[in-house]
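Welcome! Here is a short tour for anyone meeting this structure for the first time. Take a moment to look it over before reading on.

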Amino acid sequence: MGAFETLEAEATACTLCPLHRTRTQVVFGVGSATADVVFVGEAPGYHEDHEGEPFVGKSGALLTRLLHEIGLAREDVYIANILKCRPPDNRDPLPGEIEVCTPYLDRQLELIDPRVVVTLGNFATKYLLETSVGVTRLRGNRYRFRGRVLVPTYHPAAVLRGGTTKLEEIRGDFGLVRRTIDTRRAVPAPATAGTAPPPTGRQASPPNRADREAAEETSPAHVEQLGLF
Ligand code: URA
């Protein structure tokens, strides 16, 4: 068994947090384990919990469509989540769940070793960039992340709620992903890549998904502290 399969087997048997009692199955991730691009969402929902695959519900249909629009299929990329098990009633991930579960994601990223990481929504963006700044403020730019490029964008569920403006914005971000892949094929990574953004601390998440995007830190100084590309 390779390192990636060993990690998946470990996650599949995980009982580190109480979500193991309510899950139908662990949703480890799907796609190519040698992908150039990894997408990171929040946590499995009802459909993902039943099918064992991330982003298979309505949000997943939008993600798949946006991928196609930039010439990618799900099989070309890797798709994972911050949490590998579904929180009951699709509630927000709790800090303790994020703490015990994210080592799986960190190891997935190390093993896949993608050039580009795309964070979908606040939980993935804040965790990976170690920031309290919300995705609405950060999206539209690229950031240095563990020797890679990170492109933050909205969670597809927020786009489904948010109408045409958010849809056009996420399309713009996917265009940035496409251009990043194309550019970084042609041009070697700069020697400075690999500087992790400085921690800016985390803030408590707002209580429900609808309020999440509205409760973001929007200070320009917070954004400038991060490793803008
Ligand atoms: N939302 C997520 O963040 N991840 C999924 O896998 C499905 C919905």
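Which residues of the largest nonpolar core touch the most other members? They are Val38, Val40 and Ile82, in a core of 55 residues. Please keep in mind that this is a predicted model.

**The core**
- Helix H8 (residues 156–186) supplies the largest share of this core, with seven residues.
- Beyond residues up to four places away in sequence, Val38 touches Val77, Tyr78, Ala80, Leu109, Ile112, Pro114 and Val117.
- In general, nonpolar side chains tend to be buried together in soluble globular proteins.

**The sheet**
- Six strands make an open sheet with mixed pairing, in the order S1-S3-S2-S4-S6-S5.
- Strands S1 (30–31) and S5 (143–145) are at the edges; each has a single partner strand, so one side of each has no neighbour in the sheet.
- Strand S2 (residues 37–41) pairs with strand S3 (residues 78–81) in the parallel sense, over four bridges.
- Val40 has Ala80 as its bridge partner in S3.

**Helix H6 and Phe123**
- H6 lies across S2, S4 (116–120), S5 and S6 (148–153), and runs at about 135° to S4.
- Phe123 is part of helix H6 (residues 122–129).
- Phe123 counts as buried because it has 23 C-beta neighbours inside 10 Å.
- Leaving aside neighbours within four places in sequence, Phe123 contacts Glu42, Ile82 and Pro93.
- Asp92 is 31 residues from Phe123 along the chain, and their C-alpha atoms are 8.9 Å apart.

**Around the ligand**
- The residues around the ligand include Gly41, Glu42, Pro54, Phe55 and Asn81.
- This shell divides into four nonpolar, five polar and two charged residues.

Methods: Residues are numbered from 1 along each chain as its sequence is written. This is a predicted model: local features need pLDDT of at least 70, side-chain atom pairs count only at pLDDT 80 or more; totals for chains, interfaces and linings use all residues. A nonpolar core is a set of buried Ala, Val, Leu, Ile, Met, Phe, Trp, Tyr and Cys residues joined through C-beta atoms within 7 Å. A residue is buried if 20 or more other C-beta atoms lie within 10 Å of its own, exposed if 12 or fewer, and partly exposed in between; C-beta atoms are placed from the backbone. Helices (H or I, at least four residues) and strands (E, at least two) are DSSP runs, numbered from the N terminus. Two residues are in contact if their C-beta atoms, placed from the backbone, lie within 7 Å. A residue is near a molecule or strand if its C-beta atom, placed from the backbone, lies within 6 Å of it. Ala, Val, Leu, Ile, Met, Phe, Trp, Tyr, Cys and Pro count as nonpolar, Asp, Glu, Lys and Arg as charged, and the others, Gly among them, as polar. Two strands pair if DSSP finds at least two bridges between them. Axes are lines fitted to C-alpha atoms, for helices over the stretch in contact, and angles run from 0 to 180 degrees between N-to-C directions.
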